[in-house]
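Subject: A structure for you to look at

Hi there,

Here is the structure I promised to pass on. Please open it alongside this note and follow along.

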Amino acid sequence: MADHRFFHLWWLALAAALVPLITIHLTFTVSVLEGHVELCMPYWDSCTSISRTGRHGTSYFIFKGTMLPAALLGILFWWLNGRWLRQLGVHSSGVAWIPWLGLVASVSLGAYTLALGHAGDGFNLIRRIGVVLYFSLTFICELLVSSGLRSHPLWKNTGMRLLNLCQLILAVGILSVILNGVAPEFYSRKDDAFEWILAFLINAHALWLALLWRKNRFRVRLWADS
């Protein structure tokens, strides 16, 4: 005889969304208090990069101690998103790619985190590749999930709203590329702000998915023999 127990998963998605977002604001605050970063509004003033907030003092340990677990959470998060979509009956070709793209994105975040705070061309290259892969592949994963929900008759409107958020993320990214080409001096003064905005929007999308998991009561079943 089996005792059917269910393990709710929305809290894991919530952690995957909030841990990176809380971390960068916490390390920014600690860096300001310790005098490594000036007090400002990074989303507008573009006074510091996300990387700089985790390079010195106590923030160095906070950043590494939270972002590495966040990378592991990301791997689980994207694998479960693929499972969730299949559970909803979404079987488009893009669904199969979500866990693999999410894996590479999360590993890239881990590599970026490990290289942060170390000098040298090799570490600089790892950081650059890591952050580009993390942002771009995470965006693609979010786009695929949104598109999958858009194709579902009961989740059509929600999927459309998530796609609108993806369009906003893409617009911010395209704007940064355009400004870098036509007004490089201005962009060099504002590129950090674009990074903060993109990080916020990407994690906002993940937070939205966590709320959808809760609404849908997404869970896995555990069997315990009795």
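This is a predicted model: local features need pLDDT of at least 70, side-chain atom pairs count only at pLDDT 80 or more; totals for chains, interfaces and linings use all residues.

**What I found**

Residues are numbered from 1 along each chain as its sequence is written, and side-chain values use heavy atoms, leaving out hydrogens and water.

**The helix α5**

α5 has 18 residues and spans 26 Å from its first C-alpha to its last, close to the 26 Å expected at 1.5 Å a residue. (The expected span is 1.5 Å times one less than the number of residues.) Its buried residues include L101, A105, L109 and Y112; buried means under 20% relative accessible area with a 1.4 Å probe, counting protein chains only. The buried residues of α5 pack against α3 (50–53), α4 and α6.

**The cores**

In soluble globular proteins, nonpolar side chains tend to be buried together. A nonpolar core here is a set of buried Ala, Val, Leu, Ile, Met, Phe, Trp, Tyr and Cys residues joined through side-chain atoms within 4.5 Å. Which residues touch the most other members of the largest one? They are F77, W84, L85, L149, L209 and W213, out of 30 residues. α1 (10–33), α4 (57–88), α5 (98–115), α6 (121–150) and α8 (184–216) each give two or more residues to this core, and the largest share, seven residues, comes from α4. Beyond its neighbours within four places in sequence, L149 is in contact (heavy atoms within 4.5 Å) with residues including W84, L85 and L209. A second, separate core of 29 residues includes C40, A70, L109 and L179.

**The pockets**

A pocket is an open set of points on a 1 Å grid over the protein atoms alone, where a 1.4 Å probe fits, with protein on both sides within 12 Å along at least five of seven lines; lining residues have an atom within 4 Å of a point. The largest pocket holds about 710 Å³ of space. Its lining has 26 residues, with V131, V132, F135, E195 and L198 nearest the centre, and α6 gives the most, eight residues. The second largest pocket holds about 150 Å³, and α8 provides the largest share of its lining, five residues.

Happy exploring!

Technical notes:
Buried means under 20% relative accessible area, exposed over 50%, partly exposed in between (1.4 Å probe, protein chains only). Helices (H or I, at least four residues) and strands (E, at least two) are DSSP runs, numbered from the N terminus. Grid points are joined across faces, edges and corners, and a volume is the space filled by probe spheres set on the points.
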